[in-house]
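User: I have a structure open and have not looked at it before. Can you walk me through it?

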Amino acid sequence: IIIPNDNAAPVVQTLSPADDATGVPADFKLSITFQEAIKAVSTKKVKLIDVNTPTLPVQEFDATAGVLSNGNKTVTFTPTASIAFLRQYAVVIDAGAFTDIFGNSFAGYSNLT
């Protein structure tokens, strides 16, 4: 059986916590679900950023530090940095941090507003 390359890069389907979520507990886990199975790329980063100080990440993960699940469609990171109440945070993912089984590279992601 030959599976042809779909020539399509992985795309973020959902984030947990979701964009604009409120009441997120301080000990949350960050989960990113893609529309297809992915592989993490070493040295590429996933960053948790306080939107008030976007140049200084609250926490930075190597993409390979995440735990894959859901048929390798979901990657989960467990932040260890302290987050503050009543603050807005964003997720920034480096371009190329993930690829699909054909090597098509993820374009990157940011929900900074």
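Analyst: What follows covers the sheet, the core, the aromatic pairs and the charged pairs.

User: Before that, what kind of model is it, and how are residues numbered?
Analyst: This is a predicted model, with residues numbered from 1 along each chain as its sequence is written. Local features need pLDDT of at least 70 and side-chain atom pairs count only at pLDDT 80 or more, while totals for chains, interfaces and linings use all residues; side-chain values use heavy atoms, with hydrogens and water left out.

User: OK, the open sheet. What is the strand order?
Analyst: The order is β5-β4-β8-β10, four strands with antiparallel pairing. Strands here are DSSP runs of E with at least two residues, numbered from the N terminus. Two strands pair if DSSP finds at least two bridges between them.

User: Which strands are at the edges?
Analyst: β5 (59-62) and β10 (109-110), each of which pairs on one side only.

User: How many bridges join β4 to β5?
Analyst: Four, and the two strands run antiparallel; β4 covers residues 45-50. Val46 has Phe61 in β5 as its bridge partner.

User: What else does Val46 touch?
Analyst: Leaving out residues up to four places away in sequence, its contacts (heavy atoms within 4.5 Å) include Leu30, Ile32, Phe77, Val91, Ile93 and Phe98.

User: Switching to the core. How many residues are in the largest nonpolar core?
Analyst: It has 19 residues. A nonpolar core is a set of buried Ala, Val, Leu, Ile, Met, Phe, Trp, Tyr and Cys residues joined through side-chain atoms within 4.5 Å. Buried means under 20% relative accessible area, exposed means over 50%, and partly exposed is in between, with a 1.4 Å probe and protein chains only.

User: Which residues have the most contacts inside it?
Analyst: Ile32, Phe34, Val46, Phe77, Ile93 and Phe98.

User: And which elements give two or more residues to that core?
Analyst: β1 (12-16), β2, β4, β7 and β8 (89-93). The largest share, three residues, comes from β2.

User: Now the rings. How many aromatic pairs does the structure hold?
Analyst: Four. Rings of Phe, Tyr and Trp (its six-membered ring) pair if their centres lie within 6.5 Å; planes under 30 degrees apart count as stacked, over 60 as edge-to-face and the rest as tilted.

User: How are Phe34 and Phe98 arranged?
Analyst: Their ring centres are 5.2 Å apart and their planes are at 55°, so the pair is tilted. Phe34 lies in β2 (residues 30-34) and Phe98 in β9 (residues 98-99), so the pair ties together parts 64 residues apart in sequence. Both Phe34 and Phe98 are buried. Together with Phe106, Phe34 and Phe98 form one aromatic cluster.

User: What about Phe61 and Phe77?
Analyst: Their centres are 5.0 Å apart with planes at 35°, so this pair is tilted. Phe61 is in β5 and Phe77 in β7 (residues 74-77), so parts 16 residues apart in sequence are tied together. Phe61 and Phe77 are buried.

User: Is Thr76 buried or exposed?
Analyst: Buried, because its relative accessibility is 18%. Thr76 is in β7, and its side chain makes a polar contact with the side chain of Ser31 at 2.9 Å. A polar contact is a pair of N or O atoms within 3.5 Å; within protein, one must be able to donate a hydrogen and the other to accept it, and residues adjacent in sequence count only if both atoms are side-chain atoms.

User: Last topic, charges. How many salt bridges are there?
Analyst: Three. A salt bridge is a side-chain nitrogen of Lys or Arg within 4 Å of a carboxyl oxygen of Asp or Glu.

User: Where does Asp62 come in?
Analyst: Asp62 forms a salt bridge with Lys45, with the closest N and O atoms 3.7 Å apart. Asp62 lies in β5 and Lys45 in β4, so the pair ties together parts 17 residues apart in sequence. The side chain of Asp62 also reaches the backbone nitrogen of Thr43 at 2.9 Å, and a 2.6 Å polar contact joins the side chains of Asp62 and Thr64.

User: Which residue meets Asp94?
Analyst: Lys47, in a salt bridge of 3.5 Å, N to O. Lys47 is in β4 and Asp94 in the loop between β8 and β9, so parts 47 residues apart in sequence are tied together.

User: And Arg87, which residue does it meet?
Analyst: Asp50, at 2.6 Å, N to O. Arg87 is in the loop between β7 and β8 and Asp50 in β4, 37 residues apart. Arg87 counts as partly exposed at 39% relative accessibility, whereas Asp50 is buried at 6%.
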